[in-house]
Amino acid sequence: MPAAALSDSPECVHFVDDWDGILHETYGGDADGAVLDCARRLAADPAGEEAYAWTLGLVMMAAYIGRFSRKDVAAAALEALHATDRRLRDLPCAHRTHPYESDLDDRIDHFVDDLPLLTNGLTEDEDPDWEDDATKEQWLCPRDIAGYARVAVDIIAPGSVGGIPPRLPARDARRAEDLRSIVWDYPSAAVDPGQELSAYARNLVANPLGYHRAGLVVVLHAACWYAASGRIRDRRVLDTMVDALEAVLPGLGDAFCAHGEGDHPEVGRDTAEQATVGIHLLSPGGRGVYRHWHREELETAPLEAWLCPAFLATIAREALDHLRTGRERLFGLRDTVHLDEVLVRPDGRLDVERLTHAVRFRCRDGQAAEDAGLWAARRFAAGPADPRERLVLLLVACWSVTSGEEPPPEAVRRDLRAILGAERTAASAGETCPHGDVHPWDVLSELVGRRHFGFHEDPYGAHLNHLYAPGEYDTPERPFEPGAWGCPRHVAQRVRLALRVLDGVG
């Protein structure tokens, strides 16, 4: 049984820094060797005087063991921890509470400092370094050591042991963090959003009636806005998410719902929080943690409301509609015929100001800018007779590509790539010209970089408007001759840059 006091320097204190390094993934030695050594020492005397330290050491290393250790190392740790639990959990105890019953995350970072103090012979009042709210006697209580042994077992093998506070499995904590980074639109460096979302969707397709159903539906609903935003450029990801939601809806059916108006959770506003809840719904431990949240935070919806089939059916349909619409917008055939009535005047000439305005204000309506550029490219490919109109249409099509922060979606990229790719062969980038390296778009780009233009000022649009209809629009600052705009070298540069963006190069 753990003693109230040991020698001034029990052997275990020499390993605490190593355990802390493994906990924080900064240890440079043989981590599996450190785990195995600790487990063997605990197994040799699972209820001995130093069992408290070897147990807490395995708690510190448990996340590493569950994620990275070899199977034989993890098995040795689990065997030692189970032995300690069996020997100590039923011994007499006068304490109402124990440290293991509290949130481990609040305490584990202090183990490196507190563990050596437990048996230094000083009481809490005598020990100036002791800051924990529990007494040393509570820490050294056999039932507390047994409880921590079970906590370590649960971290290594989630759901395999009872008698501990509910805890979100370590792997799910990582998943929640990764998922939040995705819906925040700042994916972690090691996270592939497409792979992550596809994995959740495939799990739901594989078992649409299983225990994980509610969590996966909530996760897919939280992520559907990101998936359909255009950030994911692989159609298969959206296809899999759609398949998953289509698979789950028949099982939700028209289930009776006893909840009143406003009793279901509010979703869609804070997708990161919703994604976190979805991850908690995937495991018994996570659901237990959520129940505790609900007791502490009265504004949160009860767990049963998240599990309600009627609620799940509602958000599944909403996510499905959003994903289908987004999939068509991103990967379907983009229709621009309706723009003929908007961008062509009754006399057959371009409404060039509306055309350039749509591209200029892509920050307000990205799809309108994409559609305008695609419409311009398609009209150019149709071969209007007016050479000035052809030039402006081609320049607008290129501008619509290069003005965005990312390449356009596949529904737009397909046609643009074909049209501009064909034009590249017609425009000679190597042909000499009298303009040297100074062409209109280069000069305007330098001007924009040097000067602040108001939100409604558009030097590019002003020049293109004047190029197309010099009699209708004022001469813009730093005018250029039509020959400079139509210079084969200048046009080839614009086409080549647009194609590089479309191909995702540089």
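1. Cys308 has a relative accessibility of 4% and therefore counts as buried. This is a predicted model, and the remarks below apply to it as such.

2. The cysteine sulfur closest to that of Cys308 belongs to Cys257, at 3.6 Å. A disulfide would need the two sulfur atoms within 2.5 Å, so the separation of 3.6 Å is too far for a bond. Over the model, the count of disulfides is 0.

3. Cys38 is another cysteine to note: its relative accessibility is 1%, so Cys38 too falls under the 20% limit and counts as buried.

4. On domains, the assignment divides the chain into domain 1 (11-156), domain 2 (170-331) and domain 3 (337-503).

5. For domain 2 and domain 3, the C-alpha centres are 41 Å apart. Their contact draws on 5 residues of domain 2 and 8 residues of domain 3.

6. The area buried between domain 2 and domain 3 is about 580 Å², with 44% of it on carbon and sulfur atoms. On the domain 2 side, the residues that lose the most area to domain 3 are Arg233, Arg329 and Phe331, which together make up 71% of what that side buries.

7. As to polar interactions, 5 residue pairs are in polar contact across the interface of domain 2 and domain 3. Salt bridges between domain 2 and domain 3 number 0.

Technical notes
Residues numbered from 1 in each chain as written. Predicted model: local features only at pLDDT ≥ 70, side-chain atom pairs only at ≥ 80, totals over all residues. Heavy atoms only, no water. Domains from an automatic or database assignment. Contact = heavy atoms within 4.5 Å. Buried area = accessible area lost by both parts, 1.4 Å probe. Salt bridge = Lys/Arg side-chain N within 4 Å of Asp/Glu carboxyl O. Polar contact = N/O pair within 3.5 Å; in protein donor to acceptor, adjacent residues only side chain to side chain. Buried < 20%, exposed > 50% of the residue type's maximum accessible area, 1.4 Å probe, protein only.
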